Amino acid sequence: MIEIRNLAKAYGATPVLKGCSTSVAKGEVVVVCGPSGSGKSTLIKCVNGLEAFQGGSVSVDGISVGDPKTDLPRLRARVGMVFQHFELFPHMSVRQNLALAQLKVLGRDAAEADARATKLLERVGLAAHADKFPGQLSGGQQQRVAIARALAMDPICMLFDEPTSALDPEMIGEVLDVMVELAHEGMTMMVVTHEMGFARKVAHRVIFMDQGEIVEDAPAAQFFEAPASERAKTFLARILHH
Amino acid sequence: MNYHWNWGIFGEQVKGGGETYLDWLITGLGWTLAVSLTAWVLALVIGIAVGALRTAPSRPIALLGTAWVELFRNVPLLVQMFLWFFVVPEFLPREWSLWVKQDMPAKEFVTAALCLGFFTSARVAEQVRAGVGSLPRGQRDAALALGFTLPQAYRHILLPQALRIVIPPLTSEFMNVFKNSSIAFAIGVMELTFQARQMQEDSEQGIETYLAVTLLYFICAFTANRGMAWIEARTRVPGLIARTS
């Protein structure tokens with residue numbers, strides 16, 4: 001589903017990705033972790049072309065992201081993305097947030113878009129909040145709306161960029177619950193997160209990044225039981241032992 | 001002060017007869033409103049477009065926007081009026097030039113409205129640019145990630161938010177349009193200031209004349225201010241910006 005080959009990116013003279021290669025198969029859940037500044041977010045943003053890259057290639061469902069001939073908006077419409085800071089559109093109601101791209105990008109009619117929105121809001125437990133505005137919701141509720149907004153496009157895979165990092169601790173659970181359910185339904189997911197509980201529970205593979213490199217790319221159980229590199233061991237010890 | 005007050009002057013016939021001084025001022029007010037409102041519509045349309053261009057990821061496009069802004073805000077408005085009136089027609093193709101100089105209807109009005117509209121558009125563009133720039137970068141990313149094209153992202157996501165943010169400075173610009181329209185008298189638009197000068201010379205009641213004109217300008221600008229405040233209240237997003245008034 002997602003193929004990343006020798007991906008390289010630099011901001012001026014500062015390299016942020018140094019030849020990263022990995023792949024995510026259909027139905028697979030892959031967690032990407034690593035210290036801050038390791039390039040995780042940049043990597044995931046290259047998958048749908050939000051970040052340009054200078055070397056290597058990325059393809060989604062066989063379509064090359066870096067090819068100038070690729071219709072990027074069309075490809076992105078099929079790849080859901082959830083952001084650290086939710087990025088709901090604050091000037092629109094929750095319902096409009098879910099409907100807008102269905103109407104303008106997919107060309108669905110209003111009734112269809114609204115039906116899809118209602119169904120997804122029920123699914124994330126927020127049907128009662130459909131006519132509120134994002135500013136009137138808690139962080140956890142906003143992030144669940146953001147997931148519903150991405151799902152409303154019927155994506156072939158989902159990208160999560162630190163979806164719980166900006167949340168108060170008591171709201172992390174409600175967002176992870178939605179993500180776990182999604183994983184169990186067989187959604188293809190690439191998730192940048194430090195939630196190792198989530199990774200243990202649903203991830204098929206864990207990718208560990210440091211300083212722009214993929215240091216480790218292993219089945220989840222193996223990564224947690226016996227990390228191969230010193231850097232991964234140190235990282236896990238830091239985030240798990242308190 | 002040895003001055004012969006005569007507040008009844010507005011009802012008196014002008015020296016040539018046929019109409020009162022009040023008629024002159026009302027005609028002037030009409031042209032002031034026509035120039036100002038036409039210029040404002042022009043300024044909003046061009047200003048929003050140019051302001052958006054200045055925040056575009058493509059550098060040549062952003063530079064184009066910057067060039068527009070710098071062109072119009074670094075030359076005095078009065079000089080711009082003269083440039084559009086006397087200089088620009090000379091540089092048009094021959095037939096156009098002749099048409100503009102001889103046949104163009106309401107030549108003074110059209111020139112003044114265009115000039116004031118372009119001048120104000122540069123200022124509107126600056127504010128729109130600041131408004132778009134103040135939005136979190138994630139908003140653009142989120143819009144693009146959903147499959148919106150960049151123009152769609154501006155149309156549906158970025159500009160509606162940016163414009164709400166810049167309503168207060170835009171209010172000042174709207175008020176400025178009415179005040180700046182007085183410069184149009186210099187190229188012969190028979191707007192309020194033009195009529196006031198004429199009435200002062202004709203009636204020799206300069207103080208009453210300019211006090212009345214002051215009041216009329218004040219009413220125009222103040223109405224613009226209240227209108228924008230109404231729009232601001234109407235477009236306020238629940239839960240987004242705290243009520244400040």
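In this predicted model, strand β8 (residues 189-192) of chain A is covered on both faces. M189(A) and V191(A) lie on one side, M190(A) and V192(A) on the other, and all four are buried.

**Strand pairing around β8(A)**

Strand β3 (residues 29-33) of chain A runs parallel to β8(A) and is joined to β8(A) by four bridges. Within this pairing, V30(A) has M190(A) as its bridge partner. Strand β7 (residues 157-161) of chain A is likewise parallel to β8(A), again with four bridges; here F160(A) stands opposite V191(A).

**Cysteines**

A search of the whole structure finds zero disulfides over all chains. For C157(A), the closest cysteine sulfur belongs to C46(A) and is 14 Å away, which is too far for a bond. C115(B) is in no disulfide either, the nearest cysteine sulfur, that of C220(B), being 19 Å away. C157(A) counts as buried, at 0% relative accessibility, and C115(B) is buried with a relative accessible area of 0%.

**Salt bridges**

Over all chains, the search finds 24 salt bridges.

| Lys or Arg | Asp or Glu | N to O distance |
|---|---|---|
| K9(A) | E51(A) | 3.4 Å |
| R231(A) | D210(A) | 3.3 Å |
| K233(A) | E230(A) | 3.6 Å |

The side chains of K9(A) and E51(A) meet in a salt bridge. K9(A) lies in strand β1 (residues 2-11) of chain A and E51(A) in the loop between α1 (40-47) and β4 (55-60) of chain A, so this pair ties together parts that are 42 residues apart in sequence. Both K9(A) and E51(A) are buried.

The side chains of R231(A) and D210(A) also meet in a salt bridge. Because R231(A) belongs to helix α9 (residues 230-240) of chain A and D210(A) to strand β9 (residues 205-210) of chain A, the pair ties together parts that are 21 residues apart in sequence. R231(A) counts as partly exposed at 34% relative accessibility, whereas D210(A) is buried, with a relative accessible area of 12%.

K233(A) forms a salt bridge with E230(A). These two residues are three apart in helix α9 of chain A, which means that about one helical turn separates them. K233(A) is partly exposed at 38% relative accessibility, and E230(A) is exposed, with a relative accessible area of 56%. In chain B, salt bridges that share partners join R54(B), E70(B), R73(B), E126(B) and R129(B) into one network.

**Interface of chains A and B**

At the interface, 23 residues of chain B are in contact with 25 residues of chain A. The area buried between the two chains is about 2,000 Å², of which carbon and sulfur atoms give 67%. Across this interface the rule finds zero salt bridges.

**Two positions in chain B**

N74(B) is placed in the loop between α2 (59-73) and α3 (77-87) of chain B and is exposed, with a relative accessible area of 54%. Its C-alpha atom is separated by 16 Å from that of G47(B), 27 residues apart along the chain.

V100(B), in helix α4 (residues 94-102) of chain B, is buried, with a relative accessible area of 12%. Leaving aside neighbours within four places in sequence, V100(B) is in contact with P89(B), L92(B) and K107(B). V100(B) and I167(B) are 67 residues apart in sequence, and 36 Å separates their C-alpha atoms.

Notes: Residues are numbered from 1 along each chain as its sequence is written. Chains are lettered from A and ligands numbered from 1 in the order in which they are written. This is a predicted model: local features need pLDDT of at least 70, side-chain atom pairs count only at pLDDT 80 or more; totals for chains, interfaces and linings use all residues. Side-chain values use heavy atoms; hydrogens and water are left out. Buried means under 20% relative accessible area, exposed over 50%, partly exposed in between (1.4 Å probe, protein chains only). Two strands pair if DSSP finds at least two bridges between them. A disulfide is a pair of cysteine sulfur atoms within 2.5 Å. Contact means heavy atoms within 4.5 Å. Buried area is the accessible area (1.4 Å probe) that two parts lose on being put together, summed over both. A salt bridge is a side-chain nitrogen of Lys or Arg within 4 Å of a carboxyl oxygen of Asp or Glu.
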